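Here is a short briefing to read alongside your structure. Have the viewer open and follow the residues as they come up.

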Amino acid sequence: MRLEAKLALFNALSKLLLVLLGALVIPPIVQRVAVVHTDQHLREKQRRVLALIARDGLRTFERGERAETYADYNIFKQEYITLTPLPADTALPPERIFEEPRQVDQQVEDFRILSFSRPAGALGGPAFRVEIGSSLGAVALLPATLRRPALVVLVAASLPSTSPRAAFAHFLLAHARRLLS
């Protein structure tokens with residue numbers, strides 16, 4: 001095999017390796033970015049809920065009895081909020097963000113959940129725990145959705161650089177061929 005063909009093959013294989021590596025690395029990065037974005041969205045919802053409670057008190061979330069849990073899901077069941085009164089002598093659970101399956105209507109769906117508590121007297125009422133959840137359905141679809149376009153972009157970006165490299169190798173080896181002839 002001629003040296004020029006070997007260089008072209010090496011160039012093509014290195015491009016292919018970069019494309020495959022990109023196709024494998026990009027989706028997990030996108031997934032992580034989507035989860036971080038979801039966490040930021042949950043924190044923003046937390047600020048809005050606490051501002052609403054500070055402004056109007058817990059009566060906004062009351063359902064007849066004070067001991068009843070308030071739950072509200074958006075129309076597509078992709079986000080929810082629950083407000084659960086806690087007994088006065090209960091230790092407050094720590095604030096945390098976690099993933100957990102939840103049953104919504106007749107189906108079980110994975111949610112990213114921000115759970116936090118406020119003590120009795122805080123914001124004018126009893127101790128309570130708030131959970132704000134956001135469905136992970138869209139987050140799970142994102143890497144699969146972006147895998148094909150990412151692969152197309154990587155291939156499209158690598159193709160234009162292949163021909164100039166082959167031409168440059170041909171140009172450099174032309175001098176060597178003249179010296180050897």
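Tyr-80 is buried, and Phe-111 is buried too; buried means under 20% relative accessible area, with exposed over 50% and partly exposed in between (1.4 Å probe, protein chains only). This is a predicted model, where local features need pLDDT of at least 70, side-chain atom pairs count only at pLDDT 80 or more, and totals for chains, interfaces and linings use all residues. Residues are numbered from 1 along each chain as its sequence is written, and side-chain values use heavy atoms, leaving out hydrogens and water.

**Rings**
- The count comes to one aromatic pair, where rings of Phe, Tyr and Trp (its six-membered ring) pair if their centres lie within 6.5 Å, and planes under 30 degrees apart count as stacked, over 60 as edge-to-face and the rest as tilted.
- That pair is Tyr-80 with Phe-111, edge-to-face at 5.2 Å centre to centre and 85° between the planes.
- Tyr-80 sits in strand S2 (residues 79–85) and Phe-111 in strand S4, 31 residues apart; helices (H or I, at least four residues) and strands (E, at least two) are DSSP runs, numbered from the N terminus.

**Strands**
- Strand S3 (residues 96–104) runs antiparallel to strand S4 (residues 107–118), joined by nine bridges; strands pair if DSSP finds at least two bridges between them.
- Phe-111 in S4 stands opposite Glu-100.
- Two residues separate S3 and S4 in their hairpin, and Asp-105 in the turn has a positive phi of about 55°.
- S4 also pairs with strand S5 (residues 128–135), antiparallel over eight bridges.

**Helix H1**
- Lys-15 lies in helix H1 (residues 3–56) and counts as buried because its relative accessibility is 12%.
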